[in-house]
Amino acid sequence: MADPKITLEQVLHVAKLARLTLSDEEARQMQAQLDAILGYMEGLDQLDVSDVPPTFHSIPMDAPLRPDVPERCSDRSEILAQAPASEAGGFAVPLVLEIEG
Amino acid sequence: MSDFPWQSAFEIRQQVAAGSVSALEVTRAYLSRAEELNPMLSCFLTIDYEGALASAAQVDRMRGGGEELGPLAGVPIAVKDNLCTRGVRTTCASKILGEYIPPYDAHVVEAVRASGAVILGKTNLDEFAMGSSNENSAFANVRNPWALDRAPGGSSGGSASATAAGLVPLALGSDTGGSVRQPAAFCGITAIKPTYGRVSRYGLVAFASSLDQVGPMARSVREASRLLEVLAGHDRRDATSADRETGAYLAACDRQVKGLRIGVVRDLIDGLQDGDVRAGTEAALSALEKKGAVLVDVSVPHAKHAVSVYYLIATAEASSNLARFDGIRYGLRVPGEDLAETYTRSRAQGFGPEVRRRIMLGTYALSAGYYDAFYLKAQRVRTLIRRDYDTAFERCDVVCTPTTPTPAFALGEKTGDPLEMYLADIFTLPPSLAGVPAVSTPCGLSAAGLPIGLQLVAPPFEEELLCTVAQSVEDECGLLDSHPSALG
């Protein structure tokens, strides 16, 4: 059998980068599916595109600028109303740093 | 109301403006049809009774006060649930946004409201618009009104099913790699993916930012063209919104195709496995030729790489865009021991399998050591696909292919094999990658009675050409007179 395009170890590493957790079963299935997809994508290797510039934007345009004038932004309470937890006019998050004292 | 529920947006607007029916009466009739059929079709995730009746009452007040009515006054419309609607739940068919209520309207939602259209509700989709069958919705499987055991297509399957089933005459969808065109083909309606930049993406929940476009969906080419007029235009809140003249799309429907050069991707059409799709495509081409269009052979030689290129670029962009869903500022939070665990638990429980798979693929393609081999390479091949179209458009005005390799496949048929599902997008992906506009419009029924879609592709910002040619196809082989059989 040919070498896999992606190993189980790589799958777990990528999951960590993407802030996802996978059960053992999910990781095995993910490895098999990504392996098949990446195997198919090897078809791109038929093409030598080293001299072809990449297309990051299909329709070329300049970055537009607006006048540097302050504008009203959204209402804070409306935005905080959508937060899972808020406190004192801000988003409440789990403790990040232990504060001594 | 004559011909309910199949009357056009033009007829509804005309009757409302003339006062032969009130916008409230129209809205109540469509709301009750949606309430009756939605349990069977699952095309709406939210039916906004209150908002719809308030919008309709506003139209009636304006008429009573002698004010000028908008181009879609009183016309019911459905909005895909990845477009933000102020005060109305916007879920993206994901558990991670299950209870999200946006504090603002998307640009296209503002535009639709300003036109006088009445938003009936929010339509089902593949989670975060990732899918080709609508089977990735976290909430319900949409059904195809032509055959309830068939996929409605995706990701705008709810909008397509609702329009085809006469729950609304018009709908908004979004298209990243075919997500308005493919469900339009499967459900026998018309949908336009505008040129990248033609319609503002402000308030469209981002999937792949270099590909996403909002598009109009309707049963007829004229209605889709009219809706495109309402949506198109510059909006400075989207930095990629094109600041250029929009077209007269409705008027373009009345132009003749005589003398227009239709580029036929011959090798691709001859290679079709499905005899019905091949026959439908040939019939549409013959009809165009009979009306005086000139058929010329063209090729898009790198289209065969589009699945690889698209599923690298779109997933890379998605992995970055979906990083914002971390359980902190909005959406689902599943608390963990610390911040990092809160992120991972929220994301693992909030995202469904296909979204996780795409985040994984995109993260891999962007990760150290693989960026050049996958992501950058895909962007280079994307250039070759763009150049293919540049070359083709030197010889023709529009490029013609089928929209899909087969009519609607069965629900469950492809869910076990993600790659198999991706390969079904082969015809809709190349125009998305090139940023060029494309339309899908019906060109007949298969032997089994399923709609077949024809795709037409035009040069950047030449949507008028699409309207002209699609209208001729509709006149000769459209499905306006046949309604979905599964509705009983």
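## Around Val108(B)

Leaving aside residues up to four places away in sequence, Val108(B) touches Leu83(B), Leu172(B), Val199(B), Ser200(B), Val214(B) and Leu231(B). Touching, or being in contact, here requires that the C-beta atoms of two residues, placed from the backbone, lie within 7 Å.

This is a predicted model, in which local features need pLDDT of at least 70 and side-chain atom pairs count only at pLDDT 80 or more, while totals for chains, interfaces and linings use all residues. Residues are numbered from 1 along each chain as its sequence is written, with chains lettered from A and ligands numbered from 1 in the order in which they are written.

## The largest core

Val108(B) is also among the residues with the most contacts inside the largest nonpolar core, which has 166 residues. Such a core is a set of buried Ala, Val, Leu, Ile, Met, Phe, Trp, Tyr and Cys residues joined through C-beta atoms within 7 Å. Buried means that 20 or more other C-beta atoms lie within 10 Å of a residue's own, again placed from the backbone. Helix 11 (residues 306-321) of chain B gives the most to this core, with 10 residues. Helices (H or I, at least four residues) and strands (E, at least two) are DSSP runs, numbered from the N terminus.

## Enclosed elements of chain B

Let us turn to helix 7 (residues 221-231) of chain B: 11 of its 11 residues are buried, so this helix is largely enclosed by the rest of the structure. Among them are Arg222(B), Glu223(B) and Leu231(B). Gly233(B) follows helix 7 of chain B and has a positive phi, near 135 degrees.

Strand 7 (residues 261-265) of chain B has four of its five residues buried, so it too is largely enclosed by the rest of the structure. Five bridges join strand 7 to strand 8 (residues 294-298) of chain B, and the two run parallel; here Gly263(B) has Val296(B) as its bridge partner. Strand 7 of chain B also runs parallel to strand 9 (residues 398-402) of chain B, joined by three bridges, with Val264(B) opposite Cys400(B). Strands pair if DSSP finds at least two bridges between them.

## Where the chains meet

In all, 43 residues of chain A are in contact with 53 residues of chain B. Helix 2 (24-41) of chain A is one of the elements that give two or more residues to chain A's side, and helix 2 gives the most, with seven residues.

Conventions
Buried ≥ 20, exposed ≤ 12 C-beta atoms within 10 Å, placed from the backbone.
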